[in-house]
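Hi there,

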Amino acid sequence: GGGFCLYPPGVGRWRWGPRVRLQKNAHQTIKEDKQMHSDTQNPTWMTEEHQLYAESVRRFLASEYIPHVTRWNDQGYVDPEFWHHAGEAGILGAAIPEEYGGAGAGITFDVVTTYEQALAGDFSWGFVIHTIVVQYVLAYGTTEQKHRWLPQLVSGERISALAMTEPGQGSDLQSVETHAVLEDGVFRVNGSKTFITNGQTANLICLVVKTQRDAGARGVSLLMVETDQVDGFRRGQNLDKIGLKGQDTSELFFDDMLVPEGNILGLEPGQGFYQLMNQLPWERLAIGIGALGHMDFALAQTLDYVKERKAFGKSIFEFQNTRFKLAEQKTKLEVTRAFIHHCIELQRDGVLDATTASMAKWWSSQMQCEVIDECLQLFGGYGYMLEYPIARAYADARVQKIYGGTNEIMKELIARSL
């Protein structure tokens, strides 16, 4: 669907099994998915292996994820056991080298999973945060830290979170108040965070702290917190949001929390701000990939509805206004797809810069909200009912313009390059 998964007839079906090994099942074929597909050419970064992996992820989500979404929305979090299932399926370790228990397949396979989750129409599972934390550990962790944490992230034993935002600090990462003081080989941490994805369930938190309170950016460090091995850590309430009802988003509190000195990512304090700046392009691109999948989902839902719904003796799709509106949304979607694919290639090659990633984030999230709003309008009153997926999509999409750096911040970053 949507340009990521166009399967040519006659291609053998492959199964993406534990530890992400591709196994071909003979005498089976993949049928092309006709539900929703792009008219644009498949991107050059996609190989047959990507396409086969995408089909496997889609099957996994259909059987292990989608049937539980309503219950997760009601309870406010995804069952921790689901992470184990994803680990067993090999999905959590696609980009992690084999020496740490992963597949060594590269970050473009996490791109596929990110897109497929959005194409399924739900963001409850905090997979993107998992990929972000994995990239921090891969890029900056010591060999010991990688062997310690990555296999647990591959298996789903560890659920990760990235704790940046504070109640009074917002997007200004240089001004964080949470601080860590080194005492006899242990950091004593005090402070709080808010709006933390996976906050209720995470047991490995990449925490942004000040190790030198008056040193600005040079005083920022990343401290890995194993929540089951420290005292002084508290979770606040699971925050009640407009959308993303199944995704736990929480306040976190640190009251004289003691963390071993060896949990500083990379072991050298004061590098955190630069580590954050180097990894934020992937986070912002991931938001764009999710936006693309979500638009494909919304447009597919809308096309099905307007072709079935009758008014004044004919389908809604036959009215010129409907056709023109859908033509506009399809154009926005395909323009976004082309740019996102370009950015994925840059990320694959390690050259995605902050300015381009900022463009991808603000543009795709803006288009996502516009497209889904126009799609909802075509449902009439039913589009306002939460029993219809388009209504949940509308509520879920709005935060994409806020997290990962607000779109206003994205435009400021772009303007600095002019």
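Let me begin with helix α11, which spans residues 407–415 and has Asn407, Met410 and Ile414 buried. Those three residues cover an arc of only 50° around the axis, so they sit on the same side of α11. The cover over the buried residues of α11 includes α7 and α9, the latter running over 354–377. Please keep in mind throughout that this is a predicted model.

Now for the chain as a whole. It has eleven helices and eleven strands, and 56% of its 418 residues count as buried. If we take contacts between residues at least 6 apart in sequence, 73% of them join residues at least 24 apart. The accessible surface comes to about 17800 Å², and carbon and sulfur atoms account for 51% of that.

Next, the interior. In soluble globular proteins, nonpolar side chains tend to be buried together. Here the largest nonpolar core has 88 residues, and Trp125 and Tyr136 have the most contacts inside it. Helix α7, residues 272–308, gives the most to this core, with 14 residues. Apart from this core lies another one, of 19 residues, among them Ile196, Ala202, Ile205 and Leu223.

What does Tyr136 touch, leaving aside residues up to four places away in sequence? Its partners are Gly141, Leu162, Met164, Leu222, Leu265, Gln275, Leu276 and Gln279.

The structure holds 18 aromatic pairs. In one of them, Tyr65 and Phe82, the ring centres are 5.5 Å apart and the planes meet at 50°, so the pair is tilted. Because Tyr65 lies in helix α1 (residues 48–65) and Phe82 in helix α3 (residues 80–88), this pair ties together parts that are 17 residues apart in sequence. Tyr65 is buried at 0% relative accessibility, and Phe82 is buried as well, at 2%.

Another pair is Trp125 with Phe127: with ring centres 5.0 Å apart and planes at 40°, this pair is also tilted. Trp125 has a relative accessible area of 2% and so is buried, while Phe127 is buried at 0%. The residues of these two pairs belong to one aromatic cluster, formed by Phe60, Tyr65, Trp72, Phe82, Trp83, Trp125 and Phe127.

Two backbone spots are worth a look when you open the file. Leu267 has a phi near 70°, a positive value in a residue other than glycine. You will find Leu267 in the loop between β9 (249–260) and α7, and its relative accessibility of 48% makes it partly exposed. Phe312 likewise has a positive phi, of about 55°, without being a glycine. Phe312 belongs to the loop between β10 (310–311) and β11 (314–315). Is Phe312 buried or exposed? At 80% relative accessibility, Phe312 counts as exposed, because that label applies over 50%.

Finally, the cysteines. A disulfide is a covalent bond between the sulfur atoms of two cysteines. How many disulfides does a search of the whole structure find? The search comes back with zero. As for individual cysteines, Cys343 is buried, with a relative accessible area of 0%. Cys369 is at 15%, and so it too is buried, since the cut-off is under 20%.

Best wishes

Notes
Residues are numbered from 1 along each chain as its sequence is written. Side-chain values use heavy atoms; hydrogens and water are left out. A nonpolar core is a set of buried Ala, Val, Leu, Ile, Met, Phe, Trp, Tyr and Cys residues joined through side-chain atoms within 4.5 Å. Buried means under 20% relative accessible area, exposed over 50%, partly exposed in between (1.4 Å probe, protein chains only). Helices (H or I, at least four residues) and strands (E, at least two) are DSSP runs, numbered from the N terminus. Contact means heavy atoms within 4.5 Å. Accessible areas come from the Shrake-Rupley method with a 1.4 Å probe; for residues, only the protein chains shown count as cover. A disulfide is a pair of cysteine sulfur atoms within 2.5 Å. The arc is that of the directions from the helix axis to the C-beta atoms. Rings of Phe, Tyr and Trp (its six-membered ring) pair if their centres lie within 6.5 Å; planes under 30 degrees apart count as stacked, over 60 as edge-to-face and the rest as tilted.
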